[in-house]
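Here is a short briefing to read alongside the model. Take a look at the sequence and structure first, and then we can walk through the main points together.

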Amino acid sequence: MTATERGGAASGVVALEYIPGPFTVPITVDGHYRYAPGITLRGLPRPPTGTRFVAWAATPNLDVIQRLGVVTNGVNEVGEIALDRFLVLISAEAGLVSTEPRGPVLLRGESPSNRMRPPDLYQLSLGAVMPPAESSGWHGVPMTPNIPMLPSEMALTPATAPWLPRTDGAIGEARPPKPRTLRDGDTLELVAEPVHRTIAGHHLVMYGFNGAQPGPLIVTTQGARVTVRLTNHLEQPTSIHWHGVRLDNRFDGVPGITQPAVAPGGTFIYTVQFPDAGIYWYHPHLREDIQQDLGLYGNILVRAAGADRYGPVNREETLILDDLLIGDDGPVAYGRDTPTHALMGRFGNVMLVNGAPRWSAR
Ligand SMILES: [Cu+2]
């Protein structure tokens with residue numbers, strides 16, 4: 001803990017001990033971390049008559065304040081802290097101690113969890129950042145209700161315009177993906193195109209291959225070499241990367257490095273060989289945050305050349321997982337010129353298995 005000017009030579013350490021319980025991390029029923037603080041204090045001045053030192057825990061923006069108990073120089077076991085990010089304050093309280101500190105604060109500390117923050121947190125927590133212009137077009141990312149957020153942090157908007165796929169033109173309903181078996185020498189046409197989907201009650205324009213989403217499960221055999229002709233019917237350039245597959249570098253699908261991006265309306269012909277058995281996937285390597293997120297992906301199942309490589313099973317299922325970020329008003333927009341949340345995608349709140357919110361093995 002750090003002393004304030006009033007704290008003078010006082011110092012203190014708060015040890016956050018875990019509270020034993022059946023789970024690895026002790027939490028309250030509403031999902032907050034629980035800590036048993038041990039507060040060791042030194043050099044507190046002798047309090048004026050009728051004044052006691054009291055320890056408090058508070059959220060960074062002081063909207064929740066917990067009274068931990070009366071403390072003195074030495075080791076103090078006080079009440080538990082049930083906050084995720086918090087400050088610990090030691091104040092001098094005269095008379096009856098109320099539910100909030102009234103007296104001067106002598107020592108101040110903060111939880112390690114509170115140190116992960118932008119450098120301008122205090123500007124944010126004080127609300128000094130202006131809310132965005134109404135015209136920015138960005139809607140906030142949906143937050144879990146029991147996690148307190150700083151209002152001015154929630155008002156931040158990315159430095160690029162919001163973007164969602166175009167909804168005009170003829171866009172068909174997405175079909176569920178079908179497996180496509182490729183033998184050595186076969187050719188597969190893959191058309192990247194927008195598709196309609198209804199997910200969690202929202203009508204969305206997403207991306208698929210050949211009208212299906214996810215793209216077809218490619219089933220092939222170790223040692224096969226196939227041709228894939230990609231046609232781009234999207235409104236933005238794309239490519240296909242064959243994730244984990246050992247192939248000629250020029251067919252690896254990384255625009256600007258192994259090939260030029262395939263412009264809207266354009267085509268690229270890949271030669272894909274499968275020297276290794278296993279499960280792989282394919283996806284674009286351009287604006288992955290948009291194109292992968294919207295559904296341009298599919299699995300590749302390469303069967304081993306030797307039939308006895310795996311033990312016998314009575315059924316095989318291929319699962320591909322995705323998460324979509326959908327707010328109250330529909331999908332949360334992407335950045336028009338640059339990714340906004342993470343380079344290759346963002347954390348979603350609607351989980352998809354093989355493109356569907358519900359999947360069962362029956
Ligand atoms: Cu990849």
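A residue is called buried when its relative accessible area is under 20%, exposed when it is over 50%, and partly exposed in between (1.4 Å probe, protein chains only). Please keep in mind that this is a predicted model, where local features need pLDDT of at least 70 and side-chain atom pairs count only at pLDDT 80 or more, while totals for chains, interfaces and linings use all residues. Residues are numbered from 1 along each chain as its sequence is written, and side-chain values use heavy atoms, with hydrogens and water left out.

**Copper site**
- The copper ion has H243 (ND1) and H283 (NE2) as its protein donors, at 1.8 to 2.0 Å.
- Donors are N, O and S atoms within 2.8 Å of the metal (3.2 Å for Na, K and Ca); water is not among the atoms, so sites may look incomplete.
- H283 counts as buried because its relative accessibility is 2%, whereas H243, at 36%, counts as partly exposed.

**Domains**
- An automatic or database domain assignment sets the bounds, giving domain 1 (2–115) and domain 2 (179–308).
- Between the C-alpha centres of domain 1 and domain 2 there are 55 Å.

**Sheet**
- Strands are DSSP runs (E, at least two residues), numbered from the N terminus, and two of them pair if DSSP finds at least two bridges between them.
- Five strands form an open sheet with antiparallel pairing, in the order β1-β8-β7-β4-β5.
- At its edges are β1 (2–3) and β5 (65–71), each pairing on one side only.
- Strand β4 (residues 51–58) runs antiparallel to β5 and is joined to it by six bridges; A58 stands opposite I65 in β5.

Conventions: Helices (H or I, at least four residues) and strands (E, at least two) are DSSP runs, numbered from the N terminus.
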